Amino acid sequence: MHDTSSAADLYLLNYRAGESAARLFEYKLSSDYFQRAENMANTVEERVLAGYARGRVLARAGQHLQAVDCFAEFVDLLPEQERIDQAVALFRYAHSLMHLGRLEEASVRFSEAAAAWGYLNGNFKGSKIAGARANYHRQRGAIAAAGEDWDTAASAFASALWHSSSTERQWQAKTGQAFAKLGQFESACQYFVGMLLFTEISVAGLGDALKGVGRRRGALSVHAREVEPLDEKLVLFESSHGKNVHCHPLAIFREMRTDPRFENFRFAWVYNDYSEIPAQLKEEPDVAIIKQHSDKHIRLLGTAKYLVNNATFPTYFARREGQQVLNTWHGTPLKFMGKLVKDGVAEHRNVQRNFLQTTHLMVPNAHTFKTLSTDHDLDGLFPAKVALTGSPRIDQMINMSQERRQEILMALGIDPHTTKKVVLFAPTWRGQLKDRSYDVNGLVEDLSAMADGEHHMLFRAHRFAEQLIGDAELDATVVPASIDTNELLAVVDILITDYSSIFYDFLPAKKPIIFYTPDFEAYEAERGLYFERGTWPGQVLDSIDELCIELKRQLSGGYLVPHENLAKNVAEFAPMEDGNATQRVIEFFFFGEESNLLNTQEDERTKLLFYQGPFKPNGIATAFTNLIGSLDPTKYLISVAVDMSAVGNNPDSMEILAGLPEHVKILPRAGATIMSAEERWVSDSYHLHRGFDSPLAEQIHLNTMKREMQRSFGDARFDAAIDFEGYSRFWAVLFAASRTHAERNYIYLHNDMVGEWKLRFGTMPALFATYRHYDRLVSVTQSVGEQNERELTELLGLQSEQFTVSENLLDLRKPMEWSQMGEAVHTFDGDSLKVFANMARLSPEKGQMKLLESFAKINAEHPETRLLLIGDGPLRSDLEAEISARGLSGRVVVTGLLSNPFPTLKTADCFVFSSDYEGQGLAMIEAMMLGLPVISTDVVGSHSVPVEGYGLLVENSAEGLTRGMQAYLDGYKAEKSFDAQQYQVRALAQFEDLLCTVDS
């Protein structure tokens, strides 16, 4: 009995050791432990459990030959146990066989796995979410398979999967089976492998790693772009986020379908209503129609060589190496775009991110590129080749045949031989992405007035507006979605619009345009417009009565007269609209024709990417704004990555962000990091364990962050990535992995970082783990730099060469200028008072409690003294209670956080800094700039400011502060006056030297 128990203990001990080694990515050690456990197994179940664990580890290590041998040893025992899923084990066995090229054997094992899952039985149903075409082909395949017509079955099942938006694992199995029956084992394996959504092995299992829609989509995206091959002859089209099949992508698609060079290509369209086939694609039976965010959509985003979109791809998309992305955008902008949009906080973030993923951009005019680049903060960063091509969708209007024109008129219920004019009202969308509203009653009344007369009245609204209009009865023909807008324009004689960019598309027709803008002042104030309405190519009218008079004038004249501004608008906004734009785009995107490239000169400035943090009103934010405000914008292109989830809901943070210099480019992060199950587990372990569990875990996480750099910043490239905040673990790891996008990387150490770990932040070791991946670790004072170098080299084994000092820069004007703006929030009553001031976050490390103790003694001996505590923080209530308890109410005042503290600070006679440690102490320097004498505890950071005779350093204790304040009252004068200009020159030189100290 004892021997059996001991053997069981040894089995379990070795098995657990194998699991632990696997989670440290020690594959050989893990395999050895599992092998020992397998040798000690007393039951079939124990043997299979250990053998399967060893096979998975060997396969994860890429040792598929050893994995196959391992699986072969226990595969026949699978039916005799229940711990390991028989189908999954067979799948893993087959997958390793496939990696070795033993495809026939792999097909057999895959078939066994499919049978174990129940995929090969007679119950073979359709799938609603797969789509109509997919189900049609599935049914064809099922009938053929029942008759053992495997050629037809294989072809039909493959077509079903091609058209399916969903994964349909049983369909994958049936397709693999059909190809295996034909002896086409390579094709069979390619389909069988789709029975599992993720073929990657996670050493820690799945756990919660894939729970939640966002995580699952991210993992699918990683699998597609990094596991599956790139399909060199696959084009994915998307327009308006899959809500329609139209615009430039449709025009390009139609032209490609007639071009013999694309004869062997496959095409897929994103369309969200899987219950129907869009009319534009009814005659394209071999074209896949897939739903946005579906498994198939995510897969094709990662595997299609060519991607064409007139808007944006989802946030989980990150362009892979070898992919080409064409952004066609969806119109010439009249309304403000990007950062100029006045409502909403960084709503353009995914638009900006998509442009950074773009390899090719086609534009109809120079204005469009300027707005897309400048107003999305991408000047100097825009990575794409940009061609002035004209608009493919306008080709449809220019080149329309008489036959097609008649078809459209008939579809609109208009006699194709009519002599009546056709008038179209096409207003824009009003509102933001998150604020959808529409004045339906006003629309009904306006259309009734417009329709009065001998003409055909048509109405087309933005898709958002159409949803809100619903079933309202209108005195106009509502143009069905099946008619493309630009084909519609070919039959229109007069266009009525407001702020819609549709009028730019109508320019080449050189027909009348009337602008109806009853809400002009409000709309311009809300949205903003690029051009004065006096420059628009048509009459601009503010009332329905004026509009109807102008419409009747145009209709009654017999000859339609274009507006005097039309020719100039055509020249500026439609210079390439000759009916050949589509062909130019195809040559540009697919065949590298570059004769129409816009002259986008390389920006020679040094490109800096910063992360500042949450822009909280503290010393780090002040130091950052001072730094970038001091950098010459003719020498430096400055970009700031921003986490809007940490900034957007904080008015103080938004105020600081909005106050950055105009030339600073804001790159708000969009979406979340995409990870595989194993990467998610490694990331969670890094944060939970406050560091990396093993060197390979570290490399895995850094690779995840390299991908995140690509997802977030696309193909933008920088000379330096600088984590200025230096406290966020996420951003520290991200910038540690930034070498794919930046020549050099730096992280700031604003304090004694070991001290921060011991006193405030227990998670600091996770931050420390990133330090060895940075070129320089930057402290902001000499004393802090020496402390950090001494402690961190000993703790982490870092090299002394990594450590450097770059002192914080100043805003040379702000303290003096702002001290003259507004009144002090508090002044003490009384004559001959001596006011001490402390300006800092009210937090334990700032030492205000010992300052109160010290001041109580001073005030007892010198009743004319007062103390201002300028700031706010977690210690405020305790400080106010202490003030009351010591009887200092009215003699000590806490002001709270002040947006402009300088008028109040200037009322003081002496500045007292009581911190236990500091990075530098900018508040003390700002006090010196206002001419105040300063007293500071002699601690790391603060020491570096007064040490050269600019102030008085005292012992870090209440007694030390008491002696310092007494010295001031006794007439202490600093040895030197602080020269802010001289300091600034030195600090700026330090930063610029920092940028040059690391070889590229």
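Me: Which order do the 7 strands of the open sheet follow?

Reply: This is a predicted model. Start with the general idea. Strands of a sheet pair through backbone hydrogen bonds, and the pairing is either parallel or antiparallel. Here the order is β3-β2-β1-β4-β5-β6-β7, and the pairing is parallel.

Me: Which strands are the edge strands?

Reply: Look for strands that pair on one side only. In this sheet they are β3, residues 288-290, and β7, residues 385-388.

Me: By how many degrees are neighbouring strands turned against each other?

Reply: On average by 20 degrees, with direction ignored.

Me: How many bridges join β6 to β7?

Reply: There are 4. Strand β6 covers residues 360-363 and runs parallel to β7. Find Leu-361 there. Val-386 in β7 stands opposite Leu-361.

Me: Now a helix. What should the 17 residues of α41 span?

Reply: Count 1.5 Å a residue.

Me: Which residues of α41 are buried?

Reply: Buried means under 20% relative accessible area. In α41 this holds for Ala-980, Tyr-983, Gln-984, Ala-987, Phe-991, Leu-994 and Leu-995. Now look down the axis of α41. The buried residues fall within an arc of 110 degrees, so they line one face of the helix.

Me: Which residues are exposed on the other side of α41?

Reply: Exposed means over 50% relative accessible area. Gln-982, Val-985 and Cys-996 are exposed on that side.

Me: Which residue caps the N-terminal end of α41?

Reply: Asp-979 does. One of its side-chain oxygens lies 3.1 Å from the backbone nitrogen of Gln-981.

Me: Let me try a single residue. Is Glu-550 buried or exposed?

Reply: Compare its value with the cut-off. Glu-550 has a relative accessible area of 10%. Buried means under 20%, so Glu-550 is buried.

Me: Where is Glu-550 found, and what does it touch?

Reply: Glu-550 sits in helix α23, residues 544-556. Leave out residues up to four places away in sequence, and Glu-550 touches Ile-514, Gln-539 and Leu-541.

Me: Now the whole protein. How many helices and strands are there?

Reply: The protein has 41 helices and 26 strands. Its C-alpha atoms fill a box of roughly 105 × 105 × 50 Å along the principal axes. Of the 1000 residues, 58% are buried.

Me: What share of contacts join residues at least 24 apart in sequence?

Reply: Take contacts between residues at least 6 apart in sequence. Among these, 73% join residues at least 24 apart.

Notes:
Residues are numbered from 1 along each chain as its sequence is written. This is a predicted model: local features need pLDDT of at least 70, side-chain atom pairs count only at pLDDT 80 or more; totals for chains, interfaces and linings use all residues. Side-chain values use heavy atoms; hydrogens and water are left out. Helices (H or I, at least four residues) and strands (E, at least two) are DSSP runs, numbered from the N terminus. The expected span of a helix is 1.5 Å times one less than its number of residues. Buried means under 20% relative accessible area, exposed over 50%, partly exposed in between (1.4 Å probe, protein chains only). The arc is that of the directions from the helix axis to the C-beta atoms. A polar contact is a pair of N or O atoms within 3.5 Å; within protein, one must be able to donate a hydrogen and the other to accept it, and residues adjacent in sequence count only if both atoms are side-chain atoms. Two strands pair if DSSP finds at least two bridges between them. Axes are lines fitted to C-alpha atoms, for helices over the stretch in contact, and angles run from 0 to 180 degrees between N-to-C directions. Contact means heavy atoms within 4.5 Å.
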